[in-house]
Amino acid sequence: MRSVVEELKQEYGERLRAEPGYPDQLVVSVAIDDVPAVAATLREWHGARLVTVFAEDRVAPEGAFYNYYVFERAGDPCYLVVRGRIPAEDPRFPSLASTLPAVNWEEREIQDWFGIEAEGHPNPRRVALHDHWPDVHPLRKDFSLNTVLPPFEGERHVYRPTLGEGVFQIPVGPVHAGIIEPGHFNFAVAGEPILYLQLRMFYKHKGIEKLFEGMPAARGVYLAESVSGDSAFSHGTGFCQAVEKASGLEVPFRAQVMRTILLELERIYNHVADIGAIAMDVGFVIANAHAARVREMLLALNEELTGSRLLRGMVCIGGVRRDWAGGPGKALGQTLETVEREFRDLVQLIQSSDSTRDRLERTGILRPEKAAALGIVGVGGRASGVDRDVRRDHPYAAYGNLTWRIPVYSEGDVQRRMQVRIDEVRESFGMIRDAAANLPAGEHRTPARPMEPGRCALSAVEGWRGEILYWLRAGAAGRLERCKVKDPSLNNWPALVEAVEGNIIADFPAINKSFNLSYSGTDR
Amino acid sequence: MFQILNKTVRTGTVTVAYPKRAAQVPENARGAPEFDFGQWRDARPATEACPTGAITVVDAGLARSVTVDYGRCIFCGECAAVTPEGAVRMTPKFELAARGRQDLVVAAEYALRADLTHHELIRAGRVDEAGPRLEREIHRVLGRSLAIREVDAGSCNGCELEINALNAPRYDIERFGIHFVASPRHADMLLVTGPVTRNMELALRKTYDATPDPKLVVAVGACGISGGLFGTNYATRGGVDQVLPVDVYIPGCPPRPEALLYGILLAVGRLGA
């Protein structure tokens with residue numbers, strides 16, 4: 001990325017300024033109107049991918065808002081953050097969404113949260129705030145967290161009408177039939193096949209990014225763990241890494257290895273549950289019972305290792321809170337052995353069922369070109385030819401010392417999304433063994449120290465769903481000035497819309513489960 | 001088919017005997033913190049460290065009242081970590097569900113020294129102890145059948161993972177004649193996780209209205225009880241009882257499956273009372 005920045009400097013001269021960053025995170029700032037051209041150069045000439053877009057209110061200290069565009073490119077562990085200045089008196093930015101559908105929701109979020117207009121956006125309607133919210137912009141600094149909004153009136157969201165003979169509309173949610181999170185799905189169907197699906201998310205919006213502001217960093221760990229409860233350890237680690245970066249803290253290698261083991265345990269317990277749930281959604285209930293049983297073994301192991309079944313309260317700034325005296329011990333080795341055997345049986349059971357395979361193959365196809373255009377990450381991406389994995393592309397914790405295979409398929413159906421999970425669980429077994437066998441002696445935690453006020457840092461983690469990003473700016477006295485959270489689900493909801501088209505409605509549960517996106521992580 | 005049967009037979013029974021027999025919880029599991037109020041010399045560091053404000057201190061001259069609210073506690077253990085004399089201790093205890101919100105609050109009063117540390121414990125009140133055996137109640141009142149509709153009113157999904165585990169073979173809630181149903185119209189109980197977001201408030205009310213009487217509402221987890229880490233803000237209303245009448249509160253972050261089971265059984269016992 002360093003050479004890319006040099007080239008950009010030559011092209012833009014004084015209009016582009018290098019800002020303080022890190023060896024693996026370069027930052028440049030430009031005027032907001034230069035962003036489309038810079039983004040085009042980066043994408044077309046340097047093969048870069050726009051990872052995420054978000055904004056920050058710096059009106060009080062600097063008289064401006066900023067948009068941040070995070071880029072990465074294959075084979076380069078360094079991120080490039082392009083910072084675009086938006087004068088407070090003219091709050092607008094040129095939208096990239098018409099050429100880059102991946103940022104569709106993120107740009108609209110900026111409109112909603114900050115009241116900065118995304119000029120030229122193909123669908124500039126609200127996304128994060130429901131239509132009946134008053135005209136407020138909660139992430140502006142002059143909006144107080146505890147503002148009491150009046151009761152909402154009017155339509156929550158106006159859906160595209162469903163017209164035509166024999167065409168029906170099926171509204172589902174926000175309260176669903178199963179024990180799952182709330183969101184609204186509006187299906188247009190012609191008989192059994194789905195014509196199109198419209199989503200209405202953000203039912204679970206809890207003001208998380210606003211809550212971070214002013215919070216002491218140590219407390220922020222718990223909030224990060226609660227962004228998406230099934231990814232508590234990944235989100236917690238993502239947050240801690242950002243704080244550690246901003247305070248120049250070196251995490252002991254022992255802690256890095258412990259984090260790696262726990263990150264993989266989180267991946268396994270969720271993947272195993274999903275594999276069972278996908279089988280159940282096509283009627284293979286007994287497979288799910290076995291999967292749930294295996295998951296229980298893993299949750300018991302989590303509790304043994306961290307005190308929490310869902311790996312909460314373990315990661316902390318500077319390492320982990322609880323050491324494993326004398327190594328991860330017998331619990332890890334024994335459970336892993338049993339789980340590995342049980343997992344082999346489970347996969348065999350599912351694969352021996354022709355009717356299950358029949359329902360999963362060629363169901364809910366997400367074509368690779370669509371996946372690339374929509375910026376799909378994680379399991380959903382890898383099943384559709386997107387060869388990306390933060391663990392390899394931007395190594396963190398102890399992943400630099402491990403080797404594993406990243407499964408990538410191009411068929412993009414439910415079967416392949418399940419297969420990616422099966423392959424990843426198998427790889428994780430090996431990674432955990434490797435890491436546990438080489439667990440170094442030493443400290444499990446180093447004392448935190450305050451972040452330098454004003455310092456910014458970015459951190460990425462490959463959660464079991466995919467790429468989790470944290471970006472923060474340090475405030476005074478070890479508090480957070482701003483903390484941006486990006487869960488992989490935000491990228492991936494449009495993939496679900498794409499994948500269900502033309503499928504029968506009875507296959508929707510399996511298709512939805514094959515992505516298994518986090519509503520809470522999306523809505524924050 | 002043979003393979004499926006073979007696997008089933010080889011697996012055998014995996015369901016736990018809780019609550020007939022005590023739950024098997026590892027010694028080092030993080031459950032509720034326990035407070036030895038007599039030993040506790042200074043509550044202020046724990047107050048500082050608590051991420052959810054579950055521990056509060058109010059001083060009036062040389063008198064201090066300390067309250068611990070298990071309805072806010074996320075079992076993180078920060079209070080125990082900053083309290084040197086071992087007066088705060090993490091335990092694996094999880095049977096905390098209570099019928100009244102106040103039953104989750106413990107209060108202690110101290111006389112203070114000049115340096116504002118505790119001089120003497122004047123009095124301390126405890127969380128209500130668990131109810132009696134409950135299975136008989138459930139059978140009598142609901143004819144061995146309780147139908148639960150789960151409503152996620154804004155949780156992080158952690159509570160849902162544990163609620164789902166109740167349906168798994170290890171906990172198998174159906175052995176009590178309890179099952180989760182797809183519609184509130186079929187339900188006797190709403191099991192609600194929170195915090196209740198502004199965007200879910202209407203849906204939660206409508207779900208409640210669609211549930212036939214008599215009905216029970218159980219608030220799950222620190223967020224469902226009090227708003228937890230999220231509290232009350234522009235986007236959330238806080239705990240479930242800010243929107244609906246709540247019959248039983250189940251603390252935890254999230255409550256483990258046995259804790260949920262305990263709370264659900266406690267709730268059903270109340271119908272006959």
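# A tour of the two chains

Start in chain A with strands β3(A) and β4(A), residues 64-73 for the latter: 10 bridges join the two, and they run antiparallel. One pair to pick out is A:R49, whose bridge partner in β4(A) is A:E72. Strand β3(A) covers residues 48-58 and is mostly covered, with eight of its 11 residues buried. Keep in mind throughout that this is a predicted model. Its scores are ipTM 0.93 and pTM 0.95.

**Stop 1: the two domains of chain A**

Colour residues 2-119 as domain 1 of chain A and residues 208-523 as domain 2. Their centres, taken over C-alpha atoms, are 27 Å apart. Now look at the contact between them. Domain 1 of chain A supplies 15 residues, and domain 2 of chain A supplies 16 residues. On the domain 1 side, β3, β4 and β5 (76-87) of chain A are the elements that give two or more residues. Which of them gives the most? Strand β3(A) does, with four residues. By class, this side of domain 1 has 11 nonpolar, two polar and two charged residues.

**Stop 2: a three-stranded sheet**

Select β13, β14 and β15 of chain A. These three strands form an open sheet in the order β13-β14-β15, with antiparallel pairing. Strands β13 (456-462) and β15 (480-486) stand at the edges with a single partner strand each, so one side of each has no neighbour in the sheet. From one strand to the next, the twist averages 15 degrees.

Zoom in on β13(A) and β14(A), the latter being residues 467-474: seven bridges join them. Among the pairs to click is A:A460, whose bridge partner in β14(A) is A:L469.

**Stop 3: a covered helix**

Go to helix α17(A), residues 508-515. Is this helix mostly covered or mostly open? Seven of its eight residues are buried, so it counts as mostly covered. Select the buried ones: A:F508, A:A510, A:I511, A:N512, A:K513, A:S514 and A:F515. They pack against α8 (253-281), α11 (354-360), α13 (378-382), α15 (414-437) and α16 (488-500) of chain A.

A:N516 has a positive phi of about 40 degrees, although it is not a glycine. It is buried, with 22 other C-beta atoms within 10 Å.

Another positive phi is at A:L311, near 65 degrees. Find A:L311 in the loop between α9 (285-306) and β11 (315-316) of chain A. It is buried too. Around A:L311 there are 26 other C-beta atoms within 10 Å. Most residues other than glycine have a negative phi, and most peptide bonds are trans.

**Stop 4: cis peptide bonds in chain B**

Switch to chain B. Select B:Y18 and B:P19: a cis peptide bond joins them, with omega about 5 degrees. B:P19 sits in the loop between α1 and β1 (33-35) of chain B. Next, select B:C253 and B:P254. They are also joined by a cis peptide bond, with omega about -15 degrees. B:P254 is in the loop between β11 (248-250) and α8 (257-271) of chain B.

**Stop 5: domains and confidence in chain B**

Colour residues 33-125 as domain 1 of chain B and residues 135-271 as domain 2. Their C-alpha centres lie 28 Å apart. The contact between them takes 16 residues from domain 1 and 21 residues from domain 2. The domain 1 side divides into 10 nonpolar, two polar and four charged residues.

Now colour chain B by pLDDT. The average is 88, and 92% of the residues score at least 70.

**Last stop: where the chains meet**

Show both chains together. Their contact takes 46 residues from chain B and 47 residues from chain A. On the chain B side, the elements that give two or more residues are α1 (2-11), β7 (146-152), α5 (158-167) and α6 (201-210). Helix α5(B) has the largest share, six residues. The chain B side divides into 25 nonpolar, 13 polar and eight charged residues.

Methods:
Residues numbered from 1 in each chain as written. Chains lettered and ligands numbered in written order. Predicted model: local features only at pLDDT ≥ 70, side-chain atom pairs only at ≥ 80, totals over all residues. Contact = placed C-beta atoms within 7 Å. Nonpolar A, V, L, I, M, F, W, Y, C, P; charged D, E, K, R; others polar. Pairing = 2+ DSSP bridges. Axes fitted to C-alpha atoms, helices over the stretch in contact; angles between N-to-C directions. pLDDT = per-residue confidence, 0-100. Domains from an automatic or database assignment. Buried ≥ 20, exposed ≤ 12 C-beta atoms within 10 Å, placed from the backbone.
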